[in-house]
Each structure stands twice: as C-alpha cells, then as structure tokens.
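Reader: I would like to go through this model with you. Could you take my questions one at a time?
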Amino acid sequence: MKAPSLKLPSLNLSSLTLPFLGKRGTIALDIGSSFIKLLQMGQAKKGWELQKFAMAELPPEAIVDGSIIDAITVTNTIKDLVKEHNVRLKDAVSALTGQSVIIKKVSFPAMTEEELADSIQWEAEQYIPFPVSEVNMDFQILGVDTEGRGQMDVMLVAVKKDVINDYTNVIKEAGLTPAVIDVDSFALENMLEINYPVAPGESVAAVNVGASVTSISIITGGITTFTRSIPTGGNQFTEEVQRQLNVSFKEAEDMKTGRKEAPEGGSLSSIIETVSTNLAFDVKRTVDFFLGGSQGTYISKIYLSGGGAKIEGLLNLIQDKTNIPVEMANPFKNLEVNPRHFDMEKIKDLAPFFGVAVGLGTRRFADR
Ligand SMILES: Nc1ncnc2c1ncn2[C@@H]1O[C@H](COP(=O)(O)OP(=O)(O)OP(=O)(O)O)[C@@H](O)[C@H]1O
Ligand SMILES: [Mg+2]
C-alpha cells in the first residue's frame, strides 16, 4: 500500500486552524446518534496501523436528527471512552452527517485554492439559505475546467454555527480539542481511498447506513462528486418492529439485532424485509438520479458500511434493485492490526461501524 497522500480531501468546518496535526497526532471521533466510535491510527512502515479502537452506545434520546439533545450524556460517554482506553492525544477529528450540513455543487470562475479560500465568503453567499455570518464553510475543488470556459466545479459545504458549536462543545467538555470537523461522506471517500483503490475515471458509491441517516455518495476517480443523505437508517427498522409487535424500543432493537427472540409467527423477518426493500429503492433512486445527470457514467461497485448495513439481506436487496455489485466495506482492510493487542473477531464483527472513523483517522497527514 502507498503511504497516505495529500490528495485526500481536507474539509474542515471547525473554525480552528491547526496546520501541524501530523506531528501532534489525532484521534478520530465519530459521534453517531447511536454509537460513538473512537480510533487512533498511526503511521506504520507501509501505510497505517491501528492503535486504539473503541465504541460506546448512546441512549436513543441523546442525539436526535443530528442535533445533540443531551450534551452531558454525550460528553460523559466520550470522557469514559478516553479514560477507559487510556487515550493521551487531545486533537480530535470528527464529522457531521449530511443531514446537518448544506452540500452544493456549484460553478465558480477558475482560480487557485488560495484565491477561493480568500473570496469564498462573497462567492458563496447566493448559494446558502442563511447569512454567511451564521455559517462555517469550506470547499473542495472538483477539477479545473478543461473546456476553456474559465469555470471550475466546487463542492461547497456549509454548516450553521450553532450546530457546529453543539458538537465542538461536547468535544471540549470531554477534555479534547475539536481540531477538524469533517462530513461523513468525505470521510468515507478517504476510507475507500486507502482500502479500495479505483482506476482513473472509475465511479463507485459509498452507502453508509447509520441509525438515523443513510449517506450515499458517488466517488469518481477518487473524488466525491455527489452526495445525498436519506433520513432512514437502523432506527427505522427498530421503530417499525416496535410499532408492529407492540414492544419497547429496547426490545425491538434486541430482536432486530438477534439478541432477543422474536415472538412466534415470523413477522419480524417480514417487517425487516419491507423496510430493507424501501431503503434499497431509496438507494436505487439516488443512484439513478446521479446517473441521469452524468451521461456515459456507470457505477462499478457499491461499498456498504454503517451498523445499519448489518441488517440481514439488505446487501442483496440493494444489489438486486440497483443491479450494481455490492460489497460490505472492510475499513480495516489495509490497516496493520496487531493480533496481540486486539481481539480480531471483535474487529471483524464491528468493522462496518468504523467506516467513517477510519476515514477521519487518515486526516492526521492531510490538513490545511
Ligand atoms: N447486528 C446488527 N444487525 C442490524 N443492525 C444493527 C446491528 N448492530 C447494530 N445495528 C444497528 O446499527 C445502527 C448503528 O450504526 P452506526 O453506529 O453506524 O450509527 P450511528 O453512526 O450511531 O448513527 P447516525 O450516523 O445515523 O447518527 C443502529 O440502528 C443499530 O440498531
Ligand atoms: Mg454514523
């Protein structure tokens, strides 16, 4: 494997600028609505090595629809993870989901990255439905115009300051520094880049099924050119089981994940199949929408991740509906993992949850 390159995208919606993260080392902190994932990755002889690996569950009401409702519980859960796993590094790289950010592909006059960084406030005003003073922004240049129109495509990303403050505050309260705030789909691009190299011009899709949101992005030649988030994830399955079998959220969650026996009659599998089919159609519609606007493009593979992707049968349904090969991504595929330090069975079992976190872990060497 190649050493991590600086080509990795380097969005940062945090207002901090810490240019020497590489020297200081960072931890990846994926604050999901259902599980907080923490990783520490270091540079090995050839690529990356796993140094710390941890995960803790949040109660369902702590983060709802991407908003932190119970900041104290979230803070304490992070603190406990840091303590329990003896984490000494302070700089945290986190991500928001597409649900809480505005992502727009826009065309700007061709200019350098530095020039755009200086003028982004003015250039972006017309594309953002809030005053620019109320948002943090960053951008990714998608490619310089080759047709001589003097224009370039840019992925513009903005987030309301109050949303970012809620996340940076829990990180600070937990004793860490919110060094980088990324977006989950861009983190997934980095995860795929180190594990599943593509041919130039090849398009793949990343589908991360979380608890509350499914993020879909299309990556062409290693660059994210399209993202969409669907407000359906693992919770939808649990809520449907809860409603139809008339049980509590906790009981429904346990039945869904096989920790508790479902009542006789086989209705659990049919409930799961119905929700899976709807989600598979949502993925198909998104992919079709992208392909409709991109003549001559096809998607060679869909990489699935997220805890919600562990639903039995979902992978095959997405494959059937989209007619595209689907593979469960292994975010640790190209990471060195020392079997003397980690339980390899556990890593394999929990790998789908860590797609975003591994992508965030790569940010150590690529920051502006
Ligand atoms: N074995 C399993 N089978 C099916 N679903 C599972 C299993 N284990 C966990 N899940 C589901 O995975 C989801 C959690 O995944 P993940 O940690 O990726 O979400 P999150 O990052 O916390 O959520 P979000 O990104 O939407 O805020 C939950 O809905 C949980 O019920
Ligand atoms: Mg998530």
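Reader: Which helices each supply at least two residues of the shell around ligand 1?
Author: They are α6 and α7 (249-256). The model is predicted: local features need pLDDT of at least 70, side-chain atom pairs count only at pLDDT 80 or more, and totals for chains, interfaces and linings use all residues. Residues are numbered from 1 along each chain as its sequence is written, and chains are lettered from A and ligands numbered from 1 in the order in which they are written. Helices are DSSP runs (H or I, at least four residues), as are strands (E, at least two), numbered from the N terminus.
Reader: Which gives the most to that shell?
Author: α6 does, with three residues.
Reader: And how many residues surround ligand 1?
Author: There are 22, the closest being G32, S33, G210, G234 and G307; a residue counts as near if its C-beta atom, placed from the backbone, lies within 6 Å of the molecule.
Reader: Back to α6: at what angle does it pack with α8?
Author: Helix α6 (residues 234-245) packs with helix α8 (residues 267-292) at about 140°, and their axes are 10 Å apart. Axes are lines fitted to C-alpha atoms, for helices over the stretch in contact, and angles run from 0 to 180 degrees between N-to-C directions.
Reader: Now A179, please: buried or exposed?
Author: A179 is buried, with 24 other C-beta atoms within 10 Å. The cut-offs are 20 or more for buried, 12 or fewer for exposed, and partly exposed in between, with C-beta atoms placed from the backbone.
Reader: Where is A179 placed?
Author: A179 is in strand β10 (residues 177-183). Its C-alpha atom is separated by 8.4 Å from that of N12, 167 residues apart along the chain.
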